[in-house]
Amino acid sequence: MRKLPMDSWFWLPKLGSGFGEIKDVGVLYDSKLGFKITSEADLPKALAVLSRVLNDQVQLVSLCFVCGEPLVDDMGYVMCEGCAGSDDAYALYTRKFASLIDQL
Ligand SMILES: [Zn+2]
């Protein structure tokens with residue numbers, strides 16, 4: 001089982017002919033950043049193609065908005081248990097948000 005992040009750049013091993021297929025199903029590719037799966041992709045098809053090309057079952061995971069750890073249960077939360085459970089979860093969230101705004 002291979003977990004790939006949703007809405008976040010990641011790298012894959014050399015894909016050979018699978019490269020074109022992956023792009024065909026809407027997975028984004030950037031030569032500097034790697035691959036990215038967004039809701040614009042044909043998700044069921046993208047998962048099927050990725051699983052076949054990587055010869056492994058692929059599962060999409062969302063990443064914690066604060067620390068970037070994969071979320072265990074993707075129930076629409078944006079923070080992992082560790083971050084959401086910490087006393088200053090809200091401060092972490094707003095600080096991260098502020099840092100993102102700064103980068104714009
Ligand atoms: Zn976290």
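**A buried cysteine and its setting**

Author: Cys-64 counts as buried because 20 C-beta neighbours lie inside 10 Å of it. The term is applied as follows: a residue is buried if 20 or more other C-beta atoms lie within 10 Å of its own, exposed if 12 or fewer, and partly exposed in between, with C-beta atoms placed from the backbone. The model is a predicted one, in which local features need pLDDT of at least 70 and side-chain atom pairs count only at pLDDT 80 or more, while totals for chains, interfaces and linings use all residues. Residues are numbered from 1 along each chain as its sequence is written.

Cys-64 is located in the loop between β4 (58-61) and α3 (81-85); helices (H or I, at least four residues) and strands (E, at least two) are DSSP runs, numbered from the N terminus. Neighbours within four places in sequence aside, Cys-64 is in contact with Glu-69, Leu-71, Met-79, Cys-80 and Cys-83, a contact being two residues whose C-beta atoms, placed from the backbone, lie within 7 Å. Ser-86 stands 22 residues from Cys-64 along the chain, and 13 Å separate their C-alpha atoms.

The domain assignment, whose bounds come from an automatic or database source, gives domain 1 (2-61) and domain 2 (66-104). The centres of domain 1 and domain 2, taken over C-alpha atoms, are 24 Å apart.

Asn-55 follows α2 and has a positive phi, near 55°. The largest nonpolar core has 7 residues: Leu-4, Ile-22, Val-27, Phe-35, Ile-37, Ala-46 and Leu-50. Such a core is a set of buried Ala, Val, Leu, Ile, Met, Phe, Trp, Tyr and Cys residues joined through C-beta atoms within 7 Å. Residues up to four places away in sequence not counted, Ile-22 touches Leu-15, Val-27, Val-49, Leu-50 and Val-53.

For the chain as a whole, 10% of the 104 residues count as buried. The chain has 4 helices and 4 strands, following the pattern β-α-β-β-α-β-α-α along the sequence.
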